[in-house]
Amino acid sequence: MPFFLSLLRRHHPCQLYKLLPLRTITTVKDTIYSLSSGKGKCGVAVIRVSGPSTKDIMMKMGAFTCPPKPRTATLRTILDNKSKERLDSGLILWFPSPQSFTGEDCLELHVHGGVAVVSAVLTSLGKFPSTRQAEPGEFTKRSFLNGKLDITEVRLMTPQTGVSMCLFLLHLSLMFRVMPPSNLLQSSLFAFL
């Protein structure tokens with residue numbers, strides 16, 4: 001009898017996630033950024049950054065000589081990476097790893113919510129090497145892969161897609177049992193979210 005069928009005989013599919021050997025998987029090379037407060041006009045826009053280049057981005061865009069105190073809002077002039085042109089004045093919050101949502105160095109830029117300001121800040125972030133816009137759910141994916149969220153919390157944070165929780169957990173359990181963690185596994189892991 002195949003291994004996964006023997007698991008199904010002994011465990012309900014919704015309980016299989018408890019058998020998973022969850023461990024930190026960190027092979028991330030890109031720094032990602034995204035508007036996390038939603039698109040459209042608003043008073044304050046929050047732009048989130050996560051990854052290995054986050055500290056460098058913060059130091060350059062905030063014109064810091066030394067890192068600010070972690071988890072404390074600091075009012076700064078936010079500058080363009082290349083031209084050093086003033087983009088806006090806003091709050092910068094620094095979350096060094098591992099005490100952040102994703103488990104990586106994280107940064108939040110709280111800027112004025114006008115379309116031009118948000119666009120300018122996002123464009124400037126894209127000029128840094130090894131940075132790119134985050135894919136939908138990528139911050140949550142990194143949180144899961146770095147052990148900051150368990151699979152139940154991930155499911156609660158993602159919109160329902162028609163795939164039942166039991167099928168998702170069964171698929172995830174089988175993938176971890178049959179295949180070793182790899183880039184293929186990491187990329188296919190969130191296909192059902």
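This is a short tour of a predicted model, one selection at a time.

**Stop 1: strand S5**

Select residues 106-112, which form strand S5. Five of the seven residues in S5 are buried, so the strand is mostly covered. Cys106 is buried because its relative accessible area is 4%, and buried means under 20%.

To see one of the pairings, pick Ala45: its bridge partner in S5 is Val111.

Which residue of S5 is the bridge partner of Leu93? Select Glu108 to see that partner.

**Stop 2: Leu122 in helix H3**

Select residues 115-126 for helix H3, and then Leu122 within that helix. Is Leu122 buried or exposed? Leu122 counts as buried because its relative accessibility is 16%, and the limit for buried is under 20%.

Next, show Tyr33 together with Leu122. The two residues are 89 places apart in sequence, yet their C-alpha atoms are 7.9 Å apart in space. Leaving aside residues up to four places away in sequence, Leu122 touches Tyr33, Leu35, Ile47 and Gln133.

**Stop 3: the loop between S3 and S4**

Strand S3 covers residues 74-79, and the loop between S3 and S4 holds Asn81. Asp80 is found in this loop too.

Start with Asp80. With a relative accessible area of 5%, Asp80 is buried. Which backbone nitrogen does the side chain of Asp80 reach? The nitrogen belongs to Ser83, at 2.9 Å. The side chain of Asp80 also makes a polar contact with the side chain of Ser124, at 3.2 Å. Setting aside residues up to four places away in sequence, Asp80 touches Glu85, Leu87, Ser124 and Lys127.

Move on to Asn81, which is buried with a relative accessible area of 9%. Beyond four places in sequence, Asn81 touches Lys60, Ser124, Lys127 and Phe128. Show Thr123 as well: Asn81 and Thr123 are 42 residues apart in sequence, and their C-alpha atoms are 9.5 Å apart.

**Stop 4: helix H2**

Select residues 54-61, helix H2. Which residues of H2 are buried? They are Thr54, Ile57, Met58, Met59 and Met61. An α-helix has 3.6 residues a turn, so residues three or four places apart point the same way. After H2 comes Ala63, which has a positive phi, near 50°.

**Stop 5: charges over rings**

Show the side chains of Arg76 and Phe64. The charged end of Arg76 sits over the ring of Phe64, 4.2 Å from the ring centre. Then show Arg48 and Phe101, where the charged end of Arg48 sits over the ring at 5.9 Å from its centre. How many aromatic pairs does the structure hold? The count is zero.

**Stop 6: cysteines**

Finish with Cys42 and Cys106. Cys42 is partly exposed, at 31% relative accessibility, whereas Cys106 is buried. The structure holds zero disulfides.

Conventions:
Residues are numbered from 1 along each chain as its sequence is written. This is a predicted model: local features need pLDDT of at least 70, side-chain atom pairs count only at pLDDT 80 or more; totals for chains, interfaces and linings use all residues. Side-chain values use heavy atoms; hydrogens and water are left out. Buried means under 20% relative accessible area, exposed over 50%, partly exposed in between (1.4 Å probe, protein chains only). Helices (H or I, at least four residues) and strands (E, at least two) are DSSP runs, numbered from the N terminus. Two strands pair if DSSP finds at least two bridges between them. Contact means heavy atoms within 4.5 Å. Rings of Phe, Tyr and Trp (its six-membered ring) pair if their centres lie within 6.5 Å; planes under 30 degrees apart count as stacked, over 60 as edge-to-face and the rest as tilted. A charge sits over a ring if NZ of Lys or CZ of Arg is within 6 Å of the ring centre and within 35 degrees of the ring normal. A disulfide is a pair of cysteine sulfur atoms within 2.5 Å. A polar contact is a pair of N or O atoms within 3.5 Å; within protein, one must be able to donate a hydrogen and the other to accept it, and residues adjacent in sequence count only if both atoms are side-chain atoms.
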